[in-house]
Amino acid sequence: MDNFLFIAFPYIALTLAIGVSIYRRLRQPYTYSSLSSEILEKRKLFWGSVPFHYGITLILLAHLLAAFLPGPAAWLLGDQTRRLVLEVTGMALGLYTFFGLVVLIIRRLAPKSLVQAATTYMDGLILFVLLIQIGSGTTIAIFDRWGGLWYLHTAVPWFWSLATFRPELVTVVSLPAFVKLHFVVGFLVILLFPFGRLVHLVMLPLQYLWRPYQVVIWNRRKPDSYVKEVAK
Amino acid sequence: MNIRAQVSMVFHLDKCIGCHTCSLACKNLWTDRPGTEYMWWNNVETKPGTGYPTLYEDQEQYSGGWVVENGKLRLRLGSRKSELVNISYNPRLPALDDYYHPFTYRYQDLIDAPPGEDQPVARPISMITGEDMEIEAGPNWDDSMGGSEIYAANDPNLKSLTEEERRQFFELQQLVYFYLPRICNHCLNPSCVAACPSGAIYKRGEDGIVLVSQEKCQGWRMCISGCPYKKVYFNWNSGKAEKCILCYPRMEMGEPPACMHTCVGKIRYLGVVLYDADRIEETASKPEAELVEAQRDLILNPFDPEVVRQALICGIDLKIIESAQKSPIYRYVKQWRMALPLHPEWRTLPMLFYIPPLLPVTATLSQEGYYEMDSEFFSSLESARLPIRYMASLFTSGDEAEVVAVYRKLLGVRIYKRAESVGDISMETAFQALKEAGLTPEDVEGIYHLTAIAGADERMVVPPFLREQAIEMGMDTQDFQEHRGFGNLIWPTRGL
Ligand code: HEM
Ligand code: SF4
């Protein structure tokens with residue numbers, strides 16, 4: 001069982017996440033969208049989407065950075081005060097995100113809400129799985145102290161063993177069931193990633209920061225440089 | 001010079017009868033799908049009035065268009081960084097209530113109702129949820145000044161009037177209004193394009209039509225806030241932004257856009273103009289008072305041999321230049337200087353121009369709605385029923401002289417033609433009027449012809465789109481024209 005949950009399942013999830021997203025991006029780009037429903041409902045979206053997105057983005061970054069750079073992360077956590085600050089920040093962010101997510105779910109379930117017209121089963125499933133994931137993560141942050149520290153010694157070695165195709169489970173199999181749940185559902189989120197609206201997060205349009213304001217597209221035209229040249 | 005061609009429009013407001021045929025033609029053709037029910041790519045609003053969506057002109061609230069900051073143009077919406085920071089919730093986005101909750105009626109009830117004492121009624125139902133609803137607003141709730149004390153009274157342009165003028169205006173017998181049909185302006189400096197984080201909105205190089213690539217659009221919905229005219233709409237069903245496509249599929253087949261083709265009042269003119277794309281930014285950053293003139297200046301004379309030469313160098317086909325020479329837009333906007341852009345102070349350089357309406361201005365109560373033309377023909381402008389300042393707030397960012405100049409021309413043409421055909425005004429007076437308006441008798445004949453006589457081919461000069469030259473045989477059009485602004489290969493429903 002552990003072998004399936006902690007070796008096969010992560011590989012399946014990651015393969016699908018990467019494969020399907022790329023396939024979908026290339027063959028059905030029209031289906032990529034954040035699927036905003038703000039036009040239908042604004043007030044609850046504000047109280048839900050803002051905390052949820054700021055929270056989840058920071059938390060996700062923390063998870064990823066610590067996994068990719070265990071050295072600097074260990075150094076950061078090496079000092080008692082820094083560790084305390086990070087621990088409290090993590091907990092607060094977890095609660096903040098959880099609050100946002102709950103508002104988002106209420107928003108979708110509220111009777112007579114217009115948003116229901118724009119809700120699919122996939123939306124519901126994603127919100128539900130995220131609720132479990134963020135709920136379990138926040139609970140762990142509150143009850144299993146110094147998560148930052150033991151994350152580095154349990155999950156991170158396991159990630160690295162998966163990444164280098166030499167799966168090694170010793171650091172995770174003996175963890176409490178609740179923590180294991182968080183790990184497995186985490187990969188479930190990755191598995192769901194390419195199928196619904198979650199793909200919007202890889203589309204974060206950073207190129208906007210440097211592209212020119214105006215976009216002009218020609219059907220067919222001699223390049224600008226040619227025009228400038230002749231114009232002289 | 002970097003000369004480009006732009007399909008451009010003029011709406012003659014004196015001729016609009018407010019019948020909404022244009023809106024319906026558009027709705028039936030393009031926006032009768034789920035998610036687009038509330039979209040009116042073409043709408044006709046009553047002015048004074050709050051417009052669609054409600055109070056869209058209030059940029060304090062919606063932050064559309066551009067502002068000049070330290071001599072540089074920037075989006076009023078904020079910096080690019082702030083746009084990304086606000087991406088998961090856009091505070092400037094209008095909500096459905098600012099438009100209206102789209103409705104239909106359960107007509108089946110009329111048929112299925114059991115026999116009884118009362119007439120069966122068709123209940124209103126929501127087009128979004130399909131459930132019963134109360135109708136509280138519609139896309140034209142203040143049509144012809146319905147509810148003027150709530151709607152028209154809040155028109156942001158009335159701020160230009162004094163308290164007394166406003167009070168007088170709302171005296172029942174004093175009320176006056178006109179219609180303002182609006183579509184996307186296909187601007188030269190579009191702020192929707194600039195606001196799109198994904199770069200999905202683009203201007204077509206050949207004809208200047210602004211489109212939203214349905215495949216690149218990720219539903220960040222910043223364009224809707226970016227456009228000060230609120231002519232980009234969000235499809236809640238597909239999660240993509242959509243807007244007026246100027247019926248490019250029709251135009252590519254040589255037909256004018258549907259709203260223009262069906263227009264009952266024949267108010268709509270279309271044609272291609274040439275402009276210098278290198279001067280867009282410079283023009284849009286001019287001080288407010290100079291904007292109208294600067295925009296006029298940007299449009300080039302297609303009869304000038306030097307312009308023609310440069311245009312050919314820039315790769316513009318001779319057929320398009322010839323079409324530009326026939327363009328009614330060039331004549332109204334540049335030659336006769338009669339058509340003005342709507343709210344130039346938003347700095348998007350809109351390419352839809354309006355000829356302001358004469359009647360609401362000149363009619364006075366004492367004349368029972370008619371205006372006298374022989375005596376003191378221009379003095380009526382000062383005592384206008386709907387003050388010139390209101391028109392200036394709409395069409396010239398407050399510059400009254402510019403509006404008065406147009407009205408002098410409109411009146412000049414009428415006085416001259418009246419002297420000629422009815423004869424109750426002396427020709428002397430008529431020439432005097434023309435002199436003050438700055439028109440020649442040939443101008444008058446031209447204006448008269450294009451305004452009152454011209455047939456569809458003269459009013460709507462669709463340029464050749466030269467699709468046959470667009471690509472080599474066997475190539476995929478989509479690769480060249482980026483992705484489509486409309487139409488999909490897969491069913492346009494919600495993405496997974
Ligand atoms: C990386 C940057 C991200 C950006 C720019 C972004 C942007 C957006 C936007 C624009 C919406 C639509 C909100 C609306 O209805 O108007 C949205 C919704 C959503 N996002 Fe994100 N997002 C990001 C990251 C994430 C992450 C990391 C997750 C979770 C793992 C996530 C999960 C969701 C969910 C579940 C919704 C749907 C909320 C609802 O309407 O119920 N997003 N996001
Ligand atoms: S069809 Fe023409 S006359 Fe009728 S409302 Fe539209 S613009 Fe005005």
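A: A residue is called buried when its relative accessible area is under 20%. The model discussed here is a predicted one.

Q: Why is Met145(B) called buried?
A: Met145(B) has 9% relative accessibility, and because the cut-off for a buried residue is under 20%, Met145(B) counts as buried. The residue is placed in the loop between strand S6 (124–126) and helix H5 (163–169) of chain B, and its phi is positive, about 70 degrees, although Met145(B) is not a glycine.

Q: What makes Arg347(B) count as buried?
A: The relative accessibility of Arg347(B) is 8%, so Arg347(B) counts as buried, given that the cut-off is under 20%. Arg347(B) also has a positive phi, near 65 degrees, in a residue other than glycine, and lies in the loop between strand S14 (340–341) and strand S15 (352–355) of chain B.

Q: What makes the pair Arg221(B) and Glu38(A) a salt bridge?
A: The closest N and O atoms of Arg221(B) and Glu38(A) are 2.9 Å apart, and because a salt bridge requires a side-chain nitrogen of Lys or Arg within 4 Å of a carboxyl oxygen of Asp or Glu, the pair qualifies. Across the interface of chain A and chain B, the rule finds one salt bridge, while the count of residue pairs in polar contact between these chains is 25, with both residues at pLDDT 80 or more. Of the side of chain A that touches chain B, the largest share, six residues, comes from H2(A).

Q: What area is buried between chain A and chain B?
A: The size of an interface is often given as the accessible area lost when the parts come together. For chain A and chain B this area is about 5,800 Å², of which carbon and sulfur atoms give 57%. Tyr30(A), Ile39(A) and Asn219(A) supply 17% of the area that chain A buries against chain B, more than any other three residues. In terms of contact, 53 residues of chain A meet 74 residues of chain B.

Q: What area do domain 1 of chain B and domain 2 of chain B bury between them?
A: The two domains bury about 4,000 Å² between them, with 66% of it on carbon and sulfur atoms. Ile3(B), Val10(B) and Asp14(B) are the residues of domain 1 that lose the most area to domain 2, together 18% of what that side buries.

Q: Which residues of the largest nonpolar core touch the most other members?
A: Of the 143 residues in this core, Val10(B), Tyr38(B), Trp41(B), Ile183(B), Tyr332(B), Met391(B) and Phe395(B) touch the most other members. The largest share of the core, 10 residues, comes from helix H17 (residues 400–421) of chain B. Among the residues that Tyr38(B) touches, leaving aside those up to four places away in sequence, are Ile39(A), Leu96(B) and Trp236(B).

Conventions:
Residues numbered from 1 in each chain as written. Chains lettered and ligands numbered in written order. Heavy atoms only, no water. Core = buried A, V, L, I, M, F, W, Y, C linked by side-chain atoms within 4.5 Å. Buried < 20%, exposed > 50% of the residue type's maximum accessible area, 1.4 Å probe, protein only. Helix = DSSP H or I, 4+ residues; strand = E, 2+ residues; numbered from the N terminus. Contact = heavy atoms within 4.5 Å. Buried area = accessible area lost by both parts, 1.4 Å probe. Polar contact = N/O pair within 3.5 Å; in protein donor to acceptor, adjacent residues only side chain to side chain.
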